Amino acid sequence: MSHIEYEKAKKLGEKADKAAAAAGKSPNLPVLDEILAGVEIRGEVNLGLVTIPLDRVVGTATAGRASSFACNFMPLLELETEFAQKWSFLCDAHMEEGIHDPIKVFEYLNYYYVVEGNKRVSVLKFFDAVSVPAIVTRKIPKKTDDHTIRIYYEFMDFNRKTGVNFIWFSKEGNFQKLLEETGTDPRAPELTWDTAQVQNLTSAYYRFSKQYEEKGGKKLENITTGDAFLALVMLQGYKEVLDMTDAELKDSIGKMWEEFLMLNQGEDQEVTVALDPPVAKKPLLTRVLGKEPTEAKPLNIAFIYDRDPSTSDWLYAHELGRNHLKEVFGTKIATLKVTTADSEDKAVEVMEDLILNEGTKVIFTTTAQQIDASLRIAVKYPQVKVLNCSLNTSHRYIRTYYARLYEAKFLSGMLAGILTETNQIGYLADYPIYGITANINAFAVGARMVNPKAVVHLEWTTKKDEISREAIYHSLYNDGVDYISDQDMITPRHASRKFGMYKLTKDQPVNIAMPVVNWGVLYERIIRIILDNAWEKTDIPSDDRAINYWWGISSGVIDVILSKKVPAVTQRLIELMKRNIVAEEFAPFGGELRDQEGNIRCEEGKCLAAEEIMKMNWLAENVVGEIPVTNDLKDTARSIVEMKGVLSKESGNEA
């Protein structure tokens, strides 16, 4: 009967052959000799007898047998050939007792190319076998900056520590992330996994793969199955994934499917950036039926803080926003706050409790560090609207919100440029994350627009070896800095006059301007969208993209409060520029802009797009200072910077 199986396999080969030709691809097996032409191989390593995954056996070592097989390893030669008879003999052997003799392969970039045993591989693939024993020789390429080779070097380290060879990622750093998720320290040099650890990962991965591919995972060509598996592990937890039944895996994959679609968009995945609040009228049916929240059945809204807002200027501003909601909506809403969500697990725990026991329908998580917890809750409870305060976050299941503070920073920079008597201006920043670089550059651009001699001295308060704030002030003052941009809100427990933009003196600072983020207005706009049943309607144009609300002066979320000490004529100028920004007649990041090296970042007559402003990894030409790299930062700052940090052009690593 094996000749029947051969004919079936041959038809599969012919089908693959035609599909490859139609797609403009080679219909034959890849040949390693041809792939390595021009590649510098650093050396070879004999890995010995290893069980290898058949789905990563993709080609043959030499061209001799390439034309006998289609690109899927199915046979192409006629049934009367000696080749077909040998294939059929192996087929009989496999059906009777299985194929146990190891093949011989070369491994290159975690793909396998057969030296001996092409027909054995073909038969096993025909029967959907998962793995095959093989004597493996690894060919190691010279390490370069090529993306795939960099990932391969990470894989070799992972493979040496674990013995696992069936998983592959499309992004650097994911092998280390998987180790961390499994509770393994990726930095431990002599680490080796035991049999139980390998079996646990193998079982979970292959059970996931089956459900993922049945859902259509193979159609997502820009991510690997490993990428999707890691996404699930990072969301649900490794131990939880190990314990999932097949039905639970299928359910989790279904709930996460839109997240996988987002990942498949890659680095250039599209994010809908809403620069203005959406305008949506309340549906007539809702008004007629009167299904609005009432005092008896209010809309329950929760705010999640990782610490007491009275200890943080950032969280205190959000707490003022929560109180604003209470004043505006009265008894139609009920707000709760949690101030103990200082870890991902704790945040998940308190949010779940709020949903199940308090009937919470809307959750605002107020720091970027809480985004993973937010995603876990949003996937598990799709009926709850979860929003996270962060910028440029690509998750479909949650919406993010932030304020275009750079517009206010531009105006305060103009003011500093006008008032400075020394042309030396200071700027204190905390975390080098998305949005912060735009604030710095906008301030510098504003100062230079009115004063071509203005120089902005940049200092970071979260650098590991940085001196105290008081020492920074003293140093800047000694360098001739007379105006400085500092933190944007006071901290209740540590009140100070050193906030906003102020004149730096030997004694008390003289406050001049205060860029303001009115989070209450932003929260009010979002709640009105929900109360008007317009949430889904504002979602329609975005399809499967992530949605980021990034609102500015035009929405009332951003403003600048000027001191009476500012001359009236200068106040008029600042107000004029503010109106021009609102009317979109002027853009802070428009016209020719150059960085510190003199490179043109924006050409005359053009404006930077929102995404370019968000991801700025350069500093304006009149800024003295640099974007710090991760290793230069205090431990308390690293977690948020590793998550949302901008790319430092000096190091090539995320700051």
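A: Happy to! Let's start with L573, which is partly exposed, with a relative accessible area of 31%. Here buried means under 20% relative accessible area, exposed means over 50%, and partly exposed is in between (1.4 Å probe, protein chains only).

Q: Before we go on, what kind of model is this?
A: This is a predicted model, in which local features need pLDDT of at least 70 and side-chain atom pairs count only at pLDDT 80 or more, while totals for chains, interfaces and linings use all residues. Residues are numbered from 1 along each chain as its sequence is written, and side-chain values use heavy atoms, with hydrogens and water left out.

Q: Okay, back to L573. Where is L573 found?
A: L573 sits in helix α20, which covers residues 568-582. Helices (H or I, at least four residues) and strands (E, at least two) are DSSP runs, numbered from the N terminus.

Q: And what does L573 touch?
A: Leaving aside residues up to four places away in sequence, L573 touches M414 and I418. Contact means heavy atoms within 4.5 Å. M414 is 159 residues away from L573 along the chain, yet their C-alpha atoms are separated by 9.5 Å.

Q: Zooming out, how many helices and strands does the protein chain have?
A: The protein chain has 22 helices and 21 strands. Its C-alpha trace spans about 95 × 60 × 45 Å along the principal axes. Of its 655 residues, 51% are buried. Among contacts with a separation of 6 or more, 72% are between residues 24 or more positions apart.

Q: What order do the strands have in the open sheet of seven?
A: The order is β18-β16-β15-β14-β12-β13-β21, and the pairing is mixed. Two strands pair if DSSP finds at least two bridges between them.

Q: Which strands stand at the edges?
A: Those are β18 (558-562) and β21 (623-624); each has a single partner strand, so one side of each is left without a neighbour in the sheet.

Q: How many bridges join β13 to β21?
A: Two bridges join them, and β13 (residues 455-460) runs parallel to β21. In that pairing, H457 of β13 has V624 of β21 as its bridge partner. Helix α17 (residues 436-450) packs on the sheet, where the helix touches β12 (424-429), β13, β14 (483-485), β15 (501-503) and β21.

Q: New topic! What is the phi of L109?
A: L109 has a positive phi of about 55 degrees, although it is not a glycine. Most residues other than glycine have a negative phi.

Q: Where does L109 lie, and is it buried or exposed?
A: L109 lies in the loop between β3 (103-108) and β4 (111-116). With 14% relative accessibility, L109 counts as buried.

Q: And what is the phi of D128?
A: D128 is not a glycine either, and its phi is positive, at about 60 degrees. D128 is in the loop between α4 and β5 (131-141). At 66% relative accessibility, D128 counts as exposed.

How values were computed: Axes are lines fitted to C-alpha atoms, for helices over the stretch in contact, and angles run from 0 to 180 degrees between N-to-C directions.
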